[in-house]
Amino acid sequence: MPPVPAVSVSAPAAEYLAPVFAQYPLEVASAQGVWLTNNRGERVLDLYGGHAVAALGYGHPAWTAALARQAQLCQFQSNAVAMAVRARAAERLVHFAQLADARVFFVNSGAEANENALKIALRITARRHVAAIEGAFHGRTAAAGAVTWGAQAKWYGFPRTPFNVTFLARGDTGAIRAKVTRRTAAVIVEPVQGLAGAVDLGADFLAALRRRCDEVGALLIFDEVQCGMGRTGQPFAANLHGVVPDLLTTAKALGNGFPCAALLMSAQLSAQLPVESLGTTFGGGPMACAAIEAVLEAIESQKLLERVRHLGALIRASCRVGPVCDLQGAGLLVGLRTTRPAKQVQAELLESGILTGTSSDGHVVRLLPPFILEDEHVELLRDALRELPA
């Protein structure tokens with residue numbers, strides 16, 4: 001494959017949009033496979049996948065066909081009526097997750113899934129304390145933002161949090177006993193932290209949280225909004241590390257760009273929830289469920305978990321070049337630790353025709369590419385990094 005040409009970098013004008021987002025200097029006009037095309041007709045290799053969303057890349061034929069077919073059958077009905085596509089999507093997700101006897105509540109976003117997981121924990125335990133992990137990002141709603149590291153100092157905006165929160169240092173198993181107690185309703189954790197810079201918390205730390213939750217009667221919540229749905233090379237990081245949570249949230253890659261999310265919980269927990277204790281208008285809509293079915297079918301039929309494991313290993317073996325001094329994460333949730341500020345490296349890669357992300361760690365460039373990436377695309381990244389100053 002020829003090298004990626006230099007790309008003209010400019011920011012689009014959008015005067016009627018509220019300026020609340022920082023944007024990359026790139027306007028996308030179309031996309032196909034792992035390639036974005038900007039408004040000048042130049043191609044950009046997408047190694048960021050829209051914040052880990054585009055697991056199947058762009059224009060995937062089976063995913064597109066599934067949405068078109070469902071739109072013709074029935075584009076929407078709420079949970080007030082039964083729909084076979086919803087039941088099929090739930091069954092397939094449970095089988096994919098390999099979490100014994102799980103039940104599914106479909107919602108619209110990762111933040112909403114986390115919000116509901118926390119509500120369940122608080123309700124069932126009748127406690128008012130939640131433990132979270134330093135560096136965590138769980139969403140921008142009231143409860144999810146309350147357990148997001150640094151949110152109150154930066155953007156939280158609510159006058160108070162809906163419960164008491166304590167943050168544990170990453171990997172500090174010694175602090176777990178003191179901070180997770182019999183007044184704790186839940187511990188919420190990203191097994192591999194995304195925004196923090198692809199930080200794998202590891203099996204030992206996660207297992208210690210599981211043991212302590214069992215000891216004190218707290219519920220363990222895995223937020224796998226970013227690291228789930230095959231991104232680590234296993235269905236979920238829970239499978240990767242062999243630790244089973246009480247509740248697990250997922251979104252992003254779940255719909256490959258169609259907004260949807262899911263909360264998986266044990267059957268025991270599900271049985272304790274009265275009818276109408278949870279609700280959603282759009283969650284579990286037929287278009288979302290058709291997208292979920294198509295994503296799961298593609299991951300399994302195209303053996304994409306194997307591809308994720310292979311590509312993750314290839315990136316780690318070949319991309320410690322140029323300004324990259326170390327790599328971290330799991331599967332295709334990769335952090336490139338840089339000797340120079342990550343934003344500089346990201347900007348230079350974009351000028352070379354490769355889109356990546358940054359993180360809350362100023363020296364980590366984050367990769368969240370589609371699972372359909374090929375070896376040659378990793379070679380393009382390697383070659384581009386080689387050309388950058390160390």
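Q: Is C289 buried or exposed?
A: Buried means under 20% relative accessible area, exposed over 50%, partly exposed in between (1.4 Å probe, protein chains only). C289 has a relative accessible area of 0%, so C289 is buried. This is a predicted model: local features need pLDDT of at least 70, side-chain atom pairs count only at pLDDT 80 or more, and totals for chains, interfaces and linings use all residues. Residues are numbered from 1 along each chain as its sequence is written, and side-chain values use heavy atoms, with hydrogens and water left out.

Q: How many disulfides does the whole structure hold?
A: A disulfide is a pair of cysteine sulfur atoms within 2.5 Å. The search finds zero. For C289, the closest cysteine sulfur is that of C260, at 7.9 Å, which is too far for a bond. C319 is in no disulfide either; its nearest cysteine sulfur, in C325, lies 13 Å away. C319 is also buried, at 0% relative accessibility.

Q: At what angle do helix α3 and helix α11 pack?
A: Two packed helices are described by the angle between their axes and the distance between the axes. Here α3 (residues 84-97) and α11 (residues 286-301) pack at about 35 degrees, with axes 9 Å apart. Axes are lines fitted to C-alpha atoms, for helices over the stretch in contact; angles run from 0 to 180 degrees between N-to-C directions. Helices (H or I, at least four residues) and strands (E, at least two) are DSSP runs, numbered from the N terminus.

Q: Which residues of α3 and α11 meet?
A: Contact means heavy atoms within 4.5 Å. Among the α3 residues are V85, L93 and F96; α11 brings C289, I292 and L296, among others.

Q: In what order do the seven strands of the open sheet run?
A: Strands of a sheet pair through backbone hydrogen bonds, either parallel or antiparallel. Two strands pair if DSSP finds at least two bridges between them. The order is β4-β12-β11-β10-β7-β5-β6, with mixed pairing. The edge strands, β4 (102-107) and β6 (164-168), each pair on one side only. The twist averages 20 degrees from one strand to the next. Strands β10 (residues 219-223) and β11 (residues 247-250) are parallel partners, over three bridges. D223 stands opposite T249 in β11.

Q: Where are E276 and K303 found?
A: E276 sits in the loop between α10 (267-271) and α11. K303 sits in the loop between α11 and α12 (304-318). Neither is a glycine, yet phi is positive: about 70 degrees at E276 and about 55 degrees at K303. E276 is exposed at 75% relative accessibility, and K303 is exposed at 52%.
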